[in-house]
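Hi,

Here is the structure I promised to pass along. Have a look at it first, and then read my notes on the aromatic side chains below.

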Amino acid sequence: MSEGAAKKEEKPRKFQAVRGTRDLLPPETALWNRVEQTAHEIFSTFGFGEIRLPVFEPTELFARAVGGETDIVNKEMYAFDLHGSFFLEYRRQEIPRYPEELTPAEYEQAIREFLEGIDFALQSERLEKTGENLAVIEETRQAFQALQKSIQSLDLQQKNDGSSWSVEQLNSAEKIKDLAEKIKLGSYAALRPEATASVCRAYIEHGMQQLPQPVKLYYMGPMFRRERPQKGRYRQFYQIGAEVLGGSDAPAIDAEVIEMVMTFFDRLELQGVQLDMNSIGDRNCRPKYVELLRAELLKVKDKLGADSQRRIETNPLRVLDSKLESEQGIIATLPRIADHLCEECAAHYAAVKHQLEMRGVIYRENWRLVRGLDYYMRTTFEITAQGLGSQNAVCGGGRYDGLVELLGGPPTKGIGFAIGEDRLILSLLESGKGAVTTGRDVYIAWMGERAHATAIRAAKDLRKAGFSVELPPVEQKFGKALGQADKLGAKYALILGDNEVSEGLWTLKTLADGSQAKFTEPDLLEHLRRQKALSS
Ligand code: ATP
Ligand code: MG
């Protein structure tokens, strides 16, 4: 290798964010903060409290809640071995299915190493110490000790000869392998693809059914799905969501939750907001509708694309979701769930719409609106906004009365929504409603040791009064300092030189128009306060 090549090799690797993840940087993060702050404010006026949840949970929780047949669970979850017991899995695989593939001595060693690994894992709390697991481990150990004794009675040559296995030894070796397979080595967790399941898990775990019902919770934070990244679709994305758990399923609850999201969007001045409503029935009426839909779809199967054809079997409702141009004409002729709701669901849906009208919430009925997750029933809704292309859904939600029970809790009513914060921000930026004030209020241009001391004190006082202040760490010529102030988008430059300090009169330059004025220290603070009050 040439010296040049060697040097090249030494160059440290440059890292990039993993595909589908991204950094959020200033000044955009100021907008994220504004959005989140607004959510805290609005949601608390509706009596919601914040819940902070773990970012990973048992994989099984999501499989159960979201549904085993969904893409999210089948393809999109980031799951990992919680106990880090890969090495044990490896050692277990080193034990051959057919013992005669090894000599008795080798086989004895393979099992011994596996069991040593198990002991170590038990000591370091890396294995689940359930009674069942401990019992299988003990049984494996005893079976091994018996085999070990029998192997030790062989002479050296036999021990190292693969053909010296007795039938009895082979049988017990195979039994050990079977037992070893039964030991549960780890449990799996997944990065959360959504948070409703976690909120329900927490509701049950903390016995929240004992609290006054309903319990109203909201959350915000990152979610993870292994989807194809594109505009408005990431593998780590952020949701702001809320759930109402327990109490009744009164239609006013559905309507108030929707009113809350709409109030939030309104406060943010989100543009092109469109609320779509539907009811997807319940356990009584939906199955019958789905069967009807399936039967009708089968009649037109040839005219549908491959995806929809597959969904006729797996999840016919999802066909309604199709965006495929060629299918639109056919979908328009399909039976509509609104015409097939049972009496209770129909009454509930009508009442929700009435409640929305009482609250002045404008909606559009969309009979094709279904949700991707299994747990929804009755009220479903989706909100779209402008500037997002085909990923234009900023919020999805609905009622999920059976979910808590499905997760082992008491029968509990539930309704909630999740807002895609990334898309919300994108839409605000596209429509020019994403402006946030950045830059500094005051840039302090100081020169000289005495002025530096005054500048430090001035910065402290201004910051205490809530102004954003840039204090350069080293002395700069005034010209350079003013240029720097401009680049940082400062509103004012406070000029502190020897003259100013000895006179006790400070020069304030307004950068927008270049005007200058002199102030005593208290007057300056007062002046800035007044200006700030005027501009806000
Ligand atoms: P989509 O139709 O975009 O696939 P979804 O039905 O999968 O959405 P939900 O699971 O209901 O969405 O999540 C609620 C909201 O979260 C969506 O409306 C969207 O704004 C946002 N969201 C979902 N997946 C992503 C993602 N991969 N990247 C960014 N935002 C997302
Ligand atoms: Mg999706």
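A residue counts as buried under 20% relative accessible area, as exposed over 50%, and as partly exposed in between. Please keep in mind that this is a predicted model. Phe56 has a relative accessible area of 41%, so this residue is partly exposed. Phe56 belongs to strand E2 (residues 56–58), and together with Phe80 and Leu82 it makes a nonpolar surface patch of about 260 Å².

Now to the rings. The structure holds 8 aromatic pairs. In one of them, the ring centres of Phe43 and Phe417 are 6.0 Å apart and the planes stand at 75°, so the pair is edge-to-face. Because Phe43 sits in helix H2 (residues 28–45) and Phe417 in strand E11 (residues 414–420), this pair ties together parts that are 374 residues apart in sequence. Both Phe43 and Phe417 are buried.

Tyr376 and Tyr400 also form an edge-to-face pair, with 6.5 Å from centre to centre and 75° between the planes. Tyr376 is in the loop between strand E8 (364–365) and strand E9 (377–384), and Tyr400 is in the loop between strand E10 (393–399) and helix H16 (403–406), so parts 24 residues apart in sequence are tied together. Tyr376 and Tyr400 are buried as well.

Ring pairs also join Phe43, Phe417, Tyr218, Phe264 and Phe265 into a cluster.

Lastly, two charges over rings: the charged end of Arg22 sits over the ring of Tyr234, 4.0 Å from its centre, and that of Lys353 sits over the ring of Tyr349, 4.1 Å from its centre.

Best wishes

How values were computed. Residues numbered from 1 in each chain as written. Chains lettered and ligands numbered in written order. Predicted model: local features only at pLDDT ≥ 70, side-chain atom pairs only at ≥ 80, totals over all residues. Heavy atoms only, no water. Patch = residues over 30% accessible without salt bridge, like charges linked within 9 Å, V, L, I, M, F, W, Y side chains within 5 Å. Areas by Shrake-Rupley, 256 points an atom, 1.4 Å probe, with all protein chains shown as cover. Salt bridge = Lys/Arg side-chain N within 4 Å of Asp/Glu carboxyl O. Helix = DSSP H or I, 4+ residues; strand = E, 2+ residues; numbered from the N terminus. Buried < 20%, exposed > 50% of the residue type's maximum accessible area, 1.4 Å probe, protein only. Phe/Tyr/Trp six-rings, centres within 6.5 Å; stacked < 30°, edge-to-face > 60°. Lys NZ or Arg CZ within 6 Å of the ring centre and 35° of its normal.
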